[in-house]
Amino acid sequence: MNDLELLREFEPILRFTHGELFFPCPVDRYVEHCQLLLGTSDEGPDRLLAERGEVCLDTLATLRPPPAGAQHFLRFVDRPLEGREMARWLIREDRPVFSARGRLARVGIGIRTLDSLFEVLSLLRGRVPGGTVAAAERRYQQIRRQSPQFPYYGRVVRRGGYITLHYLYFYAMNDWRSTFHGVNDHEADWEQVFVYLEETQDGPRPLWVAGSVHDFPGQDLRRRWDDPFLMRWGNHPIIFAAAGSHANYFQPGEYLARYEVGLLKPISRFVDQVRRLWTQFLRQGDPTFGERIAGLLRFPYVDYARGDGLAIGPGEEHEWTPVLLTPEDGWVERYQGLWGLATSDPFEGESAPAGPKYNRDGTIRQTWSDPVGWTGLHKVAPPSVARRVLESRLGEVFVELRAVDIEIDQLEESLPQLGIEVEALQRSEVFRSILDDRQRALAEGEQRLRALMQRRAELIQTAEAIQLHIERIEAGDLGDPTSHIRQFHVPLTKEELHESRLAETWAAVSVGLLLLGFVGIVVFFPQVWLIAAGGMVVAFVAIDAALRRKLVDVLVGGSVVLALISLGVLLYEFFLEAVVVVFVLLSLLIIIDNFRELRGR
Amino acid sequence: MTAIAVIQAITSVSAIAGWWRSGPFDAGMRDSAVYLSSLAVLVAVIGLIVAGGLLSMVRWAWPLALFVLSVQLAVGLWAYYHGHPNYITLALGVVAIFYLNWRDVRRAFGYLKVRESTPIE
């Protein structure tokens, strides 16, 4: 099979959510609709290099590198829709209707308050202007009329024992924030799916599938081909693209994505350390408690990957048009600029991405240079290789075992002789210097023998484990397909999806009501503002917890906070006494333990 | 658990006894004092019920115990802030809350969550 045939044989099926506005689109058509600009880091205006209609893929391929501190970028929308035009776009007849429950009812009032502050702050950061999505959607519809096909861009990489099929999908816009209440909007969006194969005598065999989910890297993103949670149609994995963000999921549903603000990352790391101490060392709370605490510093967003909209791929209503990427594609190899509008967003979420090969800063993406390492597959040998590797390792183990056995035999023979010699030398002071030397040799010999015995036991166990594993591989047993996953991306449960209407309404109004309540207390009850404000917060938290059926969790959290404050007070007042008590308790423990030992003799 | 229940019972009984000895609802008491006094008695009565529940290891006793202990700690902290500290109440409350939140105790009362990793169909 040549590379294109390989790509076709395993090409994924993409299922979108009803309401999605942007689907995979041909890059050549897209760039024809873009202006090319040069942006600089100073406050000066961006320089227009080529007007719409003058830009093509060759233009990007032949661009000279930008001056230091500057960056090329494309602009798909130069005039966002406004006023009447925008209204017409909103009420157009063919607009797909998307409805969803609010994301805010899925988290507590504390994080909702933080979220509201973040929303206010986000108005100050560089953003894609309002009305951009509408204008982009109109322009994208023009592209679809010109080129109704759905392309993917693919390449085949043979490295690390795998044949990696790299599928790239280009979208004209990510409208997650504007259309689906998500984190960000940006012009242009590159998403990718990988299928990892191994070469066998019967031809290529699929082993793993991975898909990009926002900027998450690592082994959690891949699923084994025989994983029951990976949906397939023949040789084609089914991927559920999230609405607006186009993140790739393996199961249909709604996913609670947590977005961590860069400024809060140091606090988040500290909390992570504390939660480990709390849950693992002190064995406090339930195992999920720490994760929920850590979640308090991340804002909740929902990725809607329902799979109830348009579908593209084998057996679906729309087919793919594959485009094989080669090193001759200069727009991939040489264009390091952004594929859409560059904003001044410090978090970069609203800036367009660079191409399939590059990061925004011009460095090469790991997904391009090392797709095997990106999902942590370097340490996972394909089964055909695994057997060879295991047999080779088994050979090495047996060689070492033989060497260890020989040395053990020699020591077992020499040590008793040395022991007798030491015994003989101990009989007289005359031989003191020889005795010291022999005793040292005896001690070293004993130590070496102990180490060899230990090593021998390890080697025997290793050999047994390897032999068992070879037998398992021969029997086709590859073990638990999900054992490599540390954190599952799973859709929200039915219970979580069906929050009551009352909870939804409360989530929408509670933060505003709380702020109004504070104002009311300060104005009308200034003398007792502290008690009144505290009482109001407790009441709000209790109502919120009851509506979200989290009363017990909140009660536990509240009681632990009170206990920690009280502990702080006690330590502040009785620090010396506390130290004395700890030492007395320790001493008692030691005495009791020693007495037990005495009695046990 | 027995120790926690007994301490809870003693605390509650002593609170009620103290309230009774000091002359409940004197004519000269301010409204706020009457409310606070009533609340303290209510919490003490609930505390007695909780003590019984903890001894019998019934499921509802666990959150109710946390609630009572939280109120006691909140009142204790308030009193400390106003210069009337009761360190014994604070210390007992801290020990009891950490003990109740200990994983094995939570499991015994059926309040230990298990990690869910199975997606919906």
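How are H18(A) and H4(B) oriented to each other? I opened my notebook with that one.

**Ground rules.** I am working with a predicted model, where local features need pLDDT of at least 70, side-chain atom pairs count only at pLDDT 80 or more, and totals for chains, interfaces and linings use all residues. Residues are numbered from 1 along each chain as its sequence is written, while chains are lettered from A and ligands numbered from 1 in the order in which they are written.

**The helix pair.** I looked up helix H18 (residues 551-573) of chain A and helix H4 (residues 87-100) of chain B: their axes come within 9 Å and cross at roughly 135°. Axes here are lines fitted to C-alpha atoms, for helices over the stretch in contact, with angles from 0 to 180 degrees between N-to-C directions. Helices are DSSP runs (H or I, at least four residues), numbered from the N terminus. H18(A) and H4(B) are therefore oblique to each other. Oblique is what remains after under 35 degrees (roughly parallel), over 145 (roughly antiparallel) and 65 to 115 (roughly perpendicular).

**Who meets whom.** I listed residues in contact (C-beta atoms, placed from the backbone, within 7 Å). From H18(A), Val560(A), Ala563(A) and Leu567(A) are among them, and H4(B) brings residues including Leu90(B), Val94(B) and Phe98(B).

**The chain contact.** I then checked the chains: chain B and chain A put in 28 residues each. On the side of chain B that touches chain A, H3, H4 and H5 of chain B each supply at least two residues. H3(B) gives the most there, with 10 residues.

Conventions. Two residues are in contact if their C-beta atoms, placed from the backbone, lie within 7 Å.
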